[in-house]
Amino acid sequence: MTDTTISPRGGVPERPSLDGLEETWARRWQSDGTYAFDRTKERSDVYAIDTPPPTVSGELHMGHVFSYTHTDTVARFQRMRGRTVFYPMGWDDNGLPTERRVQNVYGVRPDPALPYDGDWRPPAAPVDDAARKNPTAISRRNFIELCELLTVEDEKAFEALWRRLGLSVDWSLTYTTIGSAARAASQRAFLRNLARGEAYQAEAPTLWDVGYGTAVAQAELEDRERPGAYHRLRFTGPDGREVLIDTTRPELLPACVALVCHPDDERYADLVGATARTPVFGVEVPVRAHPLADPAKGTGIAMVCTFGDLTDVTWWRELRLDTRVVIGRDGRLLPEPPAGVPAEPYAALAGQTVNGARRTLVELLADAGDLVGEPRSITHPAKFYERGDRPLEIVSTRQWYLRNGGRDAGLREELLARGRELRWVPEHMRHRYEHWVGGLTGDWLVSRQRFFGVPVPVWYRLDDAGEPDWSHPLTADEAMLPIDPTSEPPPGYEESQRGEPGGFSGDPDVLDTWATSSLTPQIVGGWETDPDLFARVFPMDLRPQGHDIIRTWLFATVARSHLEHGALPWHTAVLSGWILDPDRKKMSKSKGNVVTPMALLERNGSDAVRYWAANGKPGMDLAFDPAQVKVGRRLATKLLNASRFALGLGAADALRAAATQPLDTAMLADLSGVVATATTAFDGYDHTAALMATEAFFWRFCDDYIELVKERAYGTGPAADSARAALATALSVQLRLFAPVLPFVTEEVWSWWRYGSVHRSPWPTTYEVGRAMGAPGDPELLRLAADALGQVRRAKSERKLSMKADVPLAEALGPAAVLDQLGAVADDLRAAGRIAKLDLLPDRTTELVIACAF
């Protein structure tokens, strides 16, 4: 730890101010290496944090300020407790959000068929709406370079805000999820998953986002209410029997492969095993029974289409039905009908969008007399990719999957056991994890049909007809990583053999961004590249994150670590809540209620904003309250002024002296309790409780103790020395208690009279405070003296007198035991209240009463 003995006096400014502290101390901390990680320490002396890498495809918002402040309080506390803190910062810069941002900013779209143009230069950004609606096509490589260019600029802005906020990260540990180290780690982990049989490829129905043109995973879905309509269609059963079907997706009629009813539904029992004929197309489809059919929904019998929703997929798989796909990856109906569907009626639908095909088919049904009644408007949930703006379709594609327990009961139980092994803060968040793992319906789809991401590191042999051998992918040696199979040949092949019969083709897909982010402990910890560092930081101590991504980031990281290391990636997970606007609605750009962090930090000061953030407990939502920010600024200002006053009394020279007077030891005894409370709270990741205890004491210290003791502290002799010693200890301890939350103002005051940084100073202990007490202290004595002084002040206020007005006589009435206690601090009370004579009259009242005569 840094030497924290006192420095020569004279550093207290004449007029201390909060203005400019952020720039001054951020620069000083960087130049001094205040937060540098010491990699010579043993693992037992290390506290490692798996810092969330924020997505750099947008702007940092108050939710980031909220949650990252919480993490920073932990880092600062652990550092002061003697641990060397491994606190990196990463930027999550690959994936769909970055691509969408680049497309919007520059008005471009990637086209893999185009050659790379080394002379191409991006347009001035941002472009207008016309350019966005008619984007310029550029090559894959040009597009990736543009993504890299924009993310570098975004990362600079993010780092500037984090430094302004005072995050105590070691900036030499910064990484990006698209950087070389991250790509290599992600590809290495994938190849090991593949070698162990945990990664596999399959052709299967896939949730598909038409806007982004890619598959998405179960963890990325969200339900959104959408307007729709029920259409009642007339199918024809045996002997011309009418079978009515209600559907919200009549455009999928040519994809119909069966009708399904519940096994116990007597209305359709005689139809099960028979066939029915579809309207318009006249295709024979089987009627089957399945327990997922809901007799109370619609007419009680449903059409199964490949594929309208996830229930269709379940029916198709379990009932072993035919496949008739009609919707392509572009969201339009395929140009040719599926096998068995007549071409003539289908021709009217070919190439149309889903909505256009729906309108056309409804007209065809009406013309044929097979639309029963008018469509009935409804609102119903539809599946969306969480970042998309169009309902998902289900198309059949070949994708890569990672086993996650969705189809393996044994692995599911192992991952549930990992969740029970993890320490959750707050504990109830574990139930969200268990609910997610228990509800998984399939393995993790990790491939994406996009560009700016970590390439899937495999190639495929091409047979003599140029067809790929999907079942035996070619892989690279780990020493070659990272690689891009779309621009590099596999071992044993030449680039000239790409796409040629007997040659090879590279996998064109990239890995889901979560497939890389789920390896952040390995990426930043130097897995396989820096074994010494990895042994010192893994498994890590803390994963801080939002509760809304338990199902994605937290679960995926646990799964990857379990499969690769047979262990948890960290010991503790601390979950943060959401930021709400003053009306307690979640902040979002679409609602127009977002507060810009940088402007708030510049206007109020970072300590004030951090104070607001620290008032939110882990796992709890917090409303943004400008008034609370102002309270934080008032607190920081008071800390400056109270410190200046105490040091002006000569406290700095009395730091090693003992406090002997009753009021002084009472104050220190009270402070000792605060130290115990704050330490226990921080150990339990409850920064809010630590702040509340410290702040409450600080205002008692300023409003009561300093007022009671300042006259004595101005004097000379043992009593004055005791006051100054108590002030010095109290100031030193309180600066360190506040330091995790208010780093700038505490560092500023510390620099006035102490060596080194407050953030490298030891966390205060009850032993330290007790050592400063020359005699035992009773905290109640300070409260009693404060009560008495308060009554004197009220008497002056009621008479509209100045607080400096003299009181010729004051009588203290109360129980004898109380007055005996008051007598121990009577001199301080007389001086603070400007009381000429103080009479103690025992047993006249049941409670303390101070009567003043003027």
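Reply: Within S25, Val 574 is the bridge partner of Val 425. This pairing belongs to a predicted model, in which strand S17 (residues 423–425) and S25 run in the parallel sense over 3 bridges. Strand S24 (residues 540–546) also pairs with S25, again in the parallel sense, over 6 bridges. Here Met 540 has Trp 570 of S25 as its bridge partner. In general, the strands of a sheet pair through backbone hydrogen bonds, either parallel or antiparallel.

Not counting residues up to four places away in sequence, Tyr 705 touches Leu 663, Asp 664, Met 667, Arg 700, Ala 723, Ala 726, Leu 727 and Leu 782. As a general rule, nonpolar side chains tend to be buried together in soluble globular proteins.

Helix H20 (residues 687–713) also packs against helix H18 (residues 626–648), at an angle of about 35 degrees and with the two axes 11 Å apart. The crossing of H18 and H20 is left-handed. On the side of H18, the contact is made by Val 631, Arg 634, Leu 635, Lys 638, Leu 639, Ala 642 and Phe 645. On the side of H20, Glu 695, Phe 698, Trp 699, Cys 702, Ile 706 and Lys 710 take part. Sorted by class, the contact of H18 with H20 comprises 9 nonpolar and 4 charged residues, with no polar ones.

Antiparallel pairing is found elsewhere in the model. An open sheet of 4 strands has the order S8-S7-S16-S18, with antiparallel pairing. Strand S8 (214–215) and strand S18 (444–445) stand at its edges with a single partner strand each, so one side of each has no neighbour in the sheet. S18 pairs with strand S16 (residues 393–402) in the antiparallel sense over 2 bridges. Tyr 401 stands opposite Leu 445 in S18.

A second example is an open sheet of 3 strands in the order S21-S20-S22, also with antiparallel pairing. Its edge strands, strand S21 (474–475) and strand S22 (504–506), each pair on one side only. Strand S20 (residues 458–461) pairs with S21 over 2 bridges in the antiparallel sense. The bridge partner of Val 458 in S21 is Thr 475.

Gln 78 is part of helix H2 (residues 62–80). Its relative accessibility is 9%, and Gln 78 therefore counts as buried, the cut-off being under 20%. Leaving out residues up to four places away in sequence, Gln 78 touches Tyr 47, Arg 83 and Val 85.

Note on methods: Residues numbered from 1 in each chain as written. Predicted model: local features only at pLDDT ≥ 70, side-chain atom pairs only at ≥ 80, totals over all residues. Heavy atoms only, no water. Axes fitted to C-alpha atoms, helices over the stretch in contact; angles between N-to-C directions. Left-handed = near helix turned anticlockwise from the far one by under 90°. Contact = heavy atoms within 4.5 Å. Nonpolar A, V, L, I, M, F, W, Y, C, P; charged D, E, K, R; others polar. Pairing = 2+ DSSP bridges. Buried < 20%, exposed > 50% of the residue type's maximum accessible area, 1.4 Å probe, protein only.
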